[in-house]
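Here are a few notes to read alongside the structure. Take them one at a time and find each part in the viewer as you go.

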Amino acid sequence: MAGTGIFTDILDGEVYKYYSDGEWKTSSSGKSVAIINPATRKTQYKVQACTQEEVNKVMEMAKSAQKSWAKTPLWKRAELLHKAAAILKDNKAPIAESLVKEIAKPAKDSATEVVRSGDLISYCAEEGVRILGEGKFLLSDSFPGNERTKYCLTSKIPLGVVLAIPPFNYPVNLAVSKIAPALIAGNSLVLKPPTQGAVSCLHMVHCFHLAGFPKGLISCITGKGSEIGDFLTMHPAVNCISFTGGDTGISISKKAGMIPLQMELGGKDACIVLEDADLDLVASNIIKGGFSYSGQRCTAVKVVLVMESVADELVEKVKAKVAKLTVGPPEENCDITAVVSESSANFIEGLVMDAKEKGATFCQEYKREGNLIWPLLLDNVRPDMRIAWEEPFGPVLPVLRITSVEEGINHCNASNFGLQGCVFTKDINKAMLISDAMETGTVQINSAPARGPDHFPFQGLKDSGIGSQGVTNSINLMTKVKTTVINLPTPSYSMG
């Protein structure tokens with residue numbers, strides 16, 4: 001399983017190696033970083049604690065390898081990506097096992113993440129061939145005052161070195177969503193995986209290694225953010241940063257300088273429920289949206305804003321479904337598993353206790369064992385409670401009762417986040433008007449928020465991010481326009 005079979009090269013004793021110059025290496029630091037299993041709260045894996053000097057070497061090789069890679073034909077880049085995707089999907093079991101043990105993701109969802117990631121790589125290869133295989137031809141006499149004496153040819157060229165930093169909750173999928181667009185566009189790629197999720201990423205990178213990508217083109221460097229985080233994100237060799245995570249992204253954005261940024265930084269996704277909504281549909285989507293992977297998703301339903309007239313009925317329907325959620329180990333495919341860390345569990349508990357002190361109605365008894373928190377629906381939440389505004393990233397969902405659509409929209413828009421939201425109603429006219437009024441990157445109508453399918457545009461407003469993801473948008477962000485102008489001695493008119 002993990003670290004065995006085709007993956008034996010990535011493990012040195014008890015410590016996983018880092019990837020540089022087409023080889024698996026141990027750090028000169030002689031140190032490692034422990035990865036704690038969220039369910040057992042014991043050390044599960046160890047990874048290398050790389051040094052700043054090793055970062056420098058990786059960046060130097062990435063710059064060199066990118067020059068040759070940019071000359072590689074598009075069809076060849078796509079061919080290698082397809083090969084990596086196939087290897088990844090063929091070896092989903094050990095990668096899924098890593099996800100189960102280092103981020104406590106249910107086994108079935110872990111396997112799905114790996115397969116989805118392979119599909120994303122292949123789709124990106126095909127889309128890249130289409131996007132990058134086309135240029136643009138402009139004529140000068142289309143602008144007033146000019147004759148046809150200039151032919152303008154535009155194409156997309158790579159940026160250089162792309163730094164990819166995925167989050168713990170989808171470490172494989174959100175890594176390849178950055179890696180594949182960068183590579184098909186002709187860039188080199190340096191991956192800094194999250195500590196929780198690093199081993200899964202290392203296994204995934206080995207699939208790219210086995211596919212035969214050139215040495216130095218792909219690197220995966222592990223270590224403590226406090227030691228190499230700023231050094232990586234402020235490194236002069238980096239030409240683009242794609243980051244998914246939390247508040248750290250705001251700090252990175254301020255320090256990064258004049259390079260393209262792709263930032264997805266979390267949300268407080270609001271679910272607005274109108275009187276005419278199908279409440280059974282709403283309840284099912286609240287469960288799926290609010291509690292899948294224990295609520296540890298940027299696009300999870302984070303606050304329910306329901307019209308007072310249907311609130312009682314909706315809350316009862318949701319309570320009935322919460323009672324059926326299974327709680328326990330990820331190996332047993334339980335619906336609710338341990339949150340990623342003790343500090344995360346403590347933060348969630350702080351939000352719950354604040355709501356309790358201020359009079360929220362607990363629809364279930366609050367229960368916690370270690371990092372495992374039982375699903376909790378909080379009714380009659382008011383705007384003065386922290387849970388109304390802060391992102392718990394856990395299986396705790398607040399319900400605010402509203403008396404008008406405007407009240408719901410105003411609450412949504414008062415948040416400093418603006419990633420996604422959803423509205424439930426049978427009136428498409430109302431749905432469209434509310435969608436236009438909600439200050440979020442995406443609004444789902446009659447469905448819970450979701451990032452996929454992976455080729456859809458995905459972006460946030462306000463503190464939820466910069467730039468847009470999705471296969472096409474990522475390829476475009478990781479390229480720049482190059483223009484060549486042919487100047488003719490006399491005007492040229494075809495068939496004239």
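1. Before the annotated residue, a word on the record: UniProt positions are given in the numbering used here, and annotations may be inferred rather than shown by experiment. Please also keep in mind that this is a predicted model.

2. Which residue does UniProt list for "active site"? The unreviewed entry lists E264. You will find E264 in strand β13, which covers residues 261-264.

3. Is E264 buried or exposed? Buried means under 20% relative accessible area, so E264, at 4% relative accessibility, counts as buried. Leaving aside neighbours within four places in sequence, E264 is in contact with several residues, including F243, T244, G245, C298 and L419. F458, S464 and Q469 are also among the contacts of E264.

4. Now turn to two helices. Helix α2 (residues 74-90) packs against helix α4 (residues 107-132) at an angle of about 170°, and their axes are 8 Å apart. Angles over 145 degrees count as roughly antiparallel, which means that α2 is roughly antiparallel to α4. On the α2 side, L74, A78 and L81 are among the residues making the contact, while α4 contributes V114, V115 and I121, among others. By class, this contact has 11 nonpolar, five polar and three charged residues.

5. Finally, look for an open sheet of three strands, in the order β7-β8-β28, with antiparallel pairing. The edge strands, β7 (136-139) and β28 (479-487), each pair on one side only. From one strand to the next, the twist averages 25°. Between β7 and β8 (residues 150-158) there are four bridges, and L139 stands opposite Y151 in β8.

Key: Residues are numbered from 1 along each chain as its sequence is written. This is a predicted model: local features need pLDDT of at least 70, side-chain atom pairs count only at pLDDT 80 or more; totals for chains, interfaces and linings use all residues. Side-chain values use heavy atoms; hydrogens and water are left out. Buried means under 20% relative accessible area, exposed over 50%, partly exposed in between (1.4 Å probe, protein chains only). Contact means heavy atoms within 4.5 Å. Axes are lines fitted to C-alpha atoms, for helices over the stretch in contact, and angles run from 0 to 180 degrees between N-to-C directions. Angles under 35 degrees count as roughly parallel, over 145 as roughly antiparallel, 65 to 115 as roughly perpendicular and the rest as oblique. Ala, Val, Leu, Ile, Met, Phe, Trp, Tyr, Cys and Pro count as nonpolar, Asp, Glu, Lys and Arg as charged, and the others, Gly among them, as polar. Two strands pair if DSSP finds at least two bridges between them.
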